[in-house]
Amino acid sequence: MKYLESTYCFDFENDSVQNLISEFKTDALSDKEKAIGIYTKVRDNWRYDAYNISLSKEKYKSSYLAEKQSGNCVEKSIILIACLRALGIAARLHLGKVKNHIAVERLIEKFGSNELTPHGMVNVYLNNKWLKMSPAFNKSLCEKLNVEPLDFDGENNSFLQQHNSEGSRFMEYIDDYGYFDDVPLDFMIKNLKEHYPSIFNTNGKITEFKL
């Protein structure tokens, strides 16, 4: 299956990814237990940051991202996919567009919108079916936003926090771009330029954006 393979961005043979999964490389754990464990580790060990965006392909390699302390939804998904594939569990990147309804002031200030695209999540293959999961929002951020962190049980989809703890609308998916076996950087750049032209339509002169 191609979703088990190492690729340019999912370069899981590197030491940084291998060190991440070392505690899960044991026959004492099932694939389900490994997937739950590495999901939680990636969710909480990298602080979510939507405001640092690169258009450089090398910045989307798991070997580079695993050494960082924060990441956006796509970057954290890449780390998780690389870890899953390194453990022999099929995984792929899934992209879409989401709308945030809580703590959107900074989003609107920086992006001119409360819609974020492309938004990344992970499809993992367990027990003969594909499941969706999103490691984007670390537990400490969820506590700050009064939202329950997304847990993954290895049996059900876990990719959308529709409401906060008080029942207010938090997130909604408004478009689905499908799944990919590697990181589709050309598609992502085109998508960013179409949705946020005042920020990213720089004719390739700028590749790093700190908003």
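User: What makes the space of about 30 Å³ the second largest cavity?

Analyst: Happy to explain, bearing in mind that this is a predicted model. The second largest cavity has a volume of about 30 Å³, and a cavity is a set of points where a 1.4 Å probe fits but cannot get out. With 30 Å³ or more as the rule, the count comes to two cavities.

User: Which residues line the second largest cavity, and how do they divide by type?

Analyst: Its lining is made up of H119, S134, F137, L150, F159, L160, Q161 and M171. Five of the lining residues are nonpolar, three are polar and none is charged.

User: What do we know about the largest cavity?

Analyst: The largest cavity has a volume of about 190 Å³. Its lining has 15 residues, with I53, N72, C73, T117 and P118 nearest the centre. Strand β5 supplies the largest share, four residues, while α4 (73-86) and α7 (185-195) are among the elements giving at least two each. By type, the lining holds 12 nonpolar and three polar residues, with no charged ones.

User: What makes the other space a pocket, and what is its volume?

Analyst: A pocket is an open set of points, with protein on both sides within 12 Å along at least five of seven lines. The largest pocket has a volume of about 360 Å³. Of its 17 lining residues, Y48, Y51, A103, L141 and L145 are the closest to its centre. Two or more residues each come from β1 (47-48), α5 (105-111) and α6, and α6 gives the largest share, three. This lining divides into 11 nonpolar, two polar and four charged residues.

User: Which residues touch the most other members of the largest nonpolar core?

Analyst: Those are Y60, L84 and F111, in a core of 64 residues. Helix α4 gives the most to this core, nine residues. Beyond its neighbours within four places in sequence, L84 is in contact with A35, I38, I89, A91, V122, V124 and M133.

Methods:
Residues numbered from 1 in each chain as written. Predicted model: local features only at pLDDT ≥ 70, side-chain atom pairs only at ≥ 80, totals over all residues. Heavy atoms only, no water. 1 Å grid on protein atoms, 1.4 Å probe; cavity = no way out; pocket = protein on both sides within 12 Å on 5 of 7 lines; lining within 4 Å. Points joined across faces, edges and corners; volume = space filled by probe spheres on them. Nonpolar A, V, L, I, M, F, W, Y, C, P; charged D, E, K, R; others polar. Core = buried A, V, L, I, M, F, W, Y, C linked by side-chain atoms within 4.5 Å. Buried < 20%, exposed > 50% of the residue type's maximum accessible area, 1.4 Å probe, protein only. Contact = heavy atoms within 4.5 Å.
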